[in-house]
Amino acid sequence: MTGSEPTGPASITGLLARLRERDDGAFDELFPLVYGQLRELAHVQRRRVQDQETLNTTALVHEAYIKLARHEQPDWKDRSHFLAVAARAMRQVLIDYARARQAAKRGAGSTALSFEDVQQSLRARPGFTDERIDVLVALDASLRRLERENERHSRIVECRFFGAMTIDDTAEALGISRATVKRGWAVARAWLYRDLRASLQPEG
């Protein structure tokens with residue numbers, strides 16, 4: 001998701017600067033410039049829930065757009081920072097959707113999720129199937145616990161896993177070095193692995 005942007009008043013960085021100055025019209029100008037990148041991001045997110053009818057890529061982009069538009073004090077510094085915030089917005093939309101599907105599944109009876117289910121789903125291509133929607137909810141819960149332990153590591157996972165951002169984009173968005181991203185990404189994945197195993201370990 002790396003790439004250059006045009007310069008000038010209508011550049012992404014320029015529009016973000018106008019947003020920080022409370023220029024509400026800048027957001028409407030920004031959306032067409034980033035729409036392609038948001039669709040790319042939404043497509044990655046969509047692969048985690050294979051439901052072509054209910055949550056398509058366009059719907060996910062628009063839901064995330066609504067969440068972004070509701071920011072009262074946007075402080076997005078540049079393109080990478082904006083995309084990181086967009087990744088969080090899409091994660092929230094996707095998790096809300098997953099929880100709704102999970103609640104519907106409970107009515108029809110569902111089986112308990114095991115750590116082996118998580119491992120299998122995370123390895124699967126192209127992503128999470130509807131039958132394994134519980135995996136996404138469990139991963140989100142684990143990521144929230146990681147956030148309480150180390151917020152930076154949780155942001156790295158959000159950018160890398162939910163946002164499919166490169167190491168360079170993640171470093172730029174979070175204001176840290178590439179080495180810190182690489183190290184944090186490895187540590188965070190190990191932490192999530194242990195946490196998911198512990199949280200899904202059957203009692204007794």
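## Aromatic cluster

Phe-27, Phe-31, Tyr-35, Tyr-65, Trp-76 and Phe-82 are linked into a cluster by ring pairs. Rings of Phe, Tyr and Trp (its six-membered ring) pair if their centres lie within 6.5 Å; planes under 30 degrees apart count as stacked, over 60 as edge-to-face and the rest as tilted. The model is predicted: local features need pLDDT of at least 70, side-chain atom pairs count only at pLDDT 80 or more, and totals for chains, interfaces and linings use all residues. Residues are numbered from 1 along each chain as its sequence is written, and side-chain values use heavy atoms, with hydrogens and water left out.

The whole structure holds 5 aromatic pairs. One of them joins Phe-31 and Tyr-35, edge-to-face, with 5.4 Å centre to centre and 70 degrees between the planes. Both residues lie in helix 2, 4 residues apart, about one turn of the helix. Phe-31 counts as buried, because its relative accessibility is 17%. Tyr-35 has a relative accessible area of 25%, so Tyr-35 is partly exposed. Buried means under 20% relative accessible area, exposed over 50%, partly exposed in between (1.4 Å probe, protein chains only). Trp-76 and Phe-82 form an edge-to-face pair: 5.2 Å centre to centre, 75 degrees between the planes. Trp-76 and Phe-82 are both buried.

## Overall fold

The protein has 9 helices and 0 strands. Its elements run α-α-α-α-α-α-α-α-α from the N terminus on. Helices (H or I, at least four residues) and strands (E, at least two) are DSSP runs, numbered from the N terminus.

Of the 204 residues in the protein, 46% are buried. Take the contacts between residues at least 6 apart in sequence: 67% of these join residues at least 24 apart. Contact means heavy atoms within 4.5 Å. The accessible surface comes to about 10800 Å², and 48% of this belongs to carbon and sulfur atoms. Accessible areas come from the Shrake-Rupley method with a 1.4 Å probe; for residues, only the protein chains shown count as cover.

## Helix 7 against helix 9

Helix 7 (residues 151–162) packs on helix 9 (residues 178–200) at an angle of about 95 degrees, with the axes 9 Å apart. The two helices are therefore roughly perpendicular to each other. From helix 7, the contact uses Arg-152, His-153, Ile-156, Val-157, Arg-160 and Phe-161. Helix 9 supplies Thr-180, Val-181, Gly-184, Trp-185, Val-187, Ala-188 and Leu-192. Axes are lines fitted to C-alpha atoms, for helices over the stretch in contact, and angles run from 0 to 180 degrees between N-to-C directions. Angles under 35 degrees count as roughly parallel, over 145 as roughly antiparallel, 65 to 115 as roughly perpendicular and the rest as oblique.

Arg-160 puts its charged end over the ring of Trp-185, 5.3 Å from the ring centre. A charge sits over a ring if NZ of Lys or CZ of Arg is within 6 Å of the ring centre and within 35 degrees of the ring normal. Arg-152 is partly exposed, with a relative accessible area of 45%. Not counting residues up to four places away in sequence, Arg-152 touches Ile-176 and Thr-180. The C-alpha atoms of Arg-152 and Leu-174 are separated by 8.2 Å, with the residues 22 apart along the chain.

## Helix 8 and positive phi

Helix 8 spans residues 167–174, and its buried residues are Ile-167, Asp-169, Thr-170, Ala-171 and Ala-173. Gly-175 follows helix 8 and has a positive phi, near 70 degrees.

Arg-22 is a residue other than glycine with a positive phi, near 70 degrees. Arg-22 sits in the loop between helix 1 (12–20) and helix 2 (25–46).
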